[in-house]
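Hi,

Here's the structure I promised to pass on.

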Amino acid sequence: MNNDIEKVLYSEENIQATIAKLADQLSEEYRDKDPLIVSVLSGAVLFTVDLIKKMDIMAQLDFIDVSTYFGGTATTGHLKLIHDLTTDVKDRNVLITEDIVDSGRTLQFLVNLLKERGAKSVKTVSLLNKPEGREFDVNVEYYGFKVPNEFLVGYGLDYKGYYRNLPYVGVLKSSVYSED
Ligand code: 5GP
Ligand code: MG
Ligand code: MG
């Protein structure tokens, strides 16, 4: 698996140190606000788990799944709610945790959905932020790294469902794509 990586952009140590800083900031922001952390499946799971373990406040956790990318590297433009929350978000302070915000399509959909359901506040923390990809007007209140406009894998990010379990974020060798 590691042989398929062209270069590592963010090492495990770098990622964990960055998450520790975000966790401190978010613990201050959400202390006494009883936040509901909404983790976006499947990519944000690794980030969410590491983040919440470093937050020293009371918080609840739930999962939602929206799909924009179906297997490959190109977006289809379709959006589907694949797995819904079990928690009522009405009057809750919601913190969405994302792996990466690219076009912003997924995030815009989620923020609108949670606000329609009566959330008191909706903010987002994303490990990665790819502003050059932006097509939809969304706010990413907290993020770890501003990333270049490349297709990344690792630490939750997949190519055809694989590479999510890499502890770092990197770029795949072009030979991996050309084998398709
Ligand atoms: P958006 O809706 O902002 O365009 O994209 C959100 C989703 O697209 C992310 O949660 C992620 O699943 C996928 N995505 C966007 N950029 C990348 C990337 O560079 N690599 C991978 N593996 N997935 C990406
Ligand atoms: Mg995601
Ligand atoms: Mg994906």
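**Around the ligand**

Let's start with ligand 1: 21 residues surround it, and the closest are Asp 102, Ser 103, Arg 105, Thr 106 and Leu 157. Strand E3 (60-69), strand E5 (93-101), helix H3 (105-116) and strand E8 (152-153) are the elements that give two or more residues to this shell. E5 has the largest share, with four residues. If you sort the shell around ligand 1 by residue type, you get nine nonpolar, six polar and six charged. Keep in mind that this is a predicted model.

Next, find the open sheet of three strands, which runs in the order E1-E9-E8 with antiparallel pairing. Which are the edge strands? They are strand E1 (5-10) and E8, as each pairs on one side only. As a reminder, strands of a sheet pair through backbone hydrogen bonds, either parallel or antiparallel. E1 and strand E9 (residues 169-172) pair in the antiparallel sense over four bridges.

Glu 13 lies in helix H1 (residues 12-30). Is Glu 13 buried or exposed? It has 10 other C-beta atoms within 10 Å, and 12 or fewer counts as exposed, so Glu 13 is exposed.

Cheers

Methods: Residues are numbered from 1 along each chain as its sequence is written. Chains are lettered from A and ligands numbered from 1 in the order in which they are written. This is a predicted model: local features need pLDDT of at least 70, side-chain atom pairs count only at pLDDT 80 or more; totals for chains, interfaces and linings use all residues. A residue is near a molecule or strand if its C-beta atom, placed from the backbone, lies within 6 Å of it. Ala, Val, Leu, Ile, Met, Phe, Trp, Tyr, Cys and Pro count as nonpolar, Asp, Glu, Lys and Arg as charged, and the others, Gly among them, as polar. Two strands pair if DSSP finds at least two bridges between them. A residue is buried if 20 or more other C-beta atoms lie within 10 Å of its own, exposed if 12 or fewer, and partly exposed in between; C-beta atoms are placed from the backbone.
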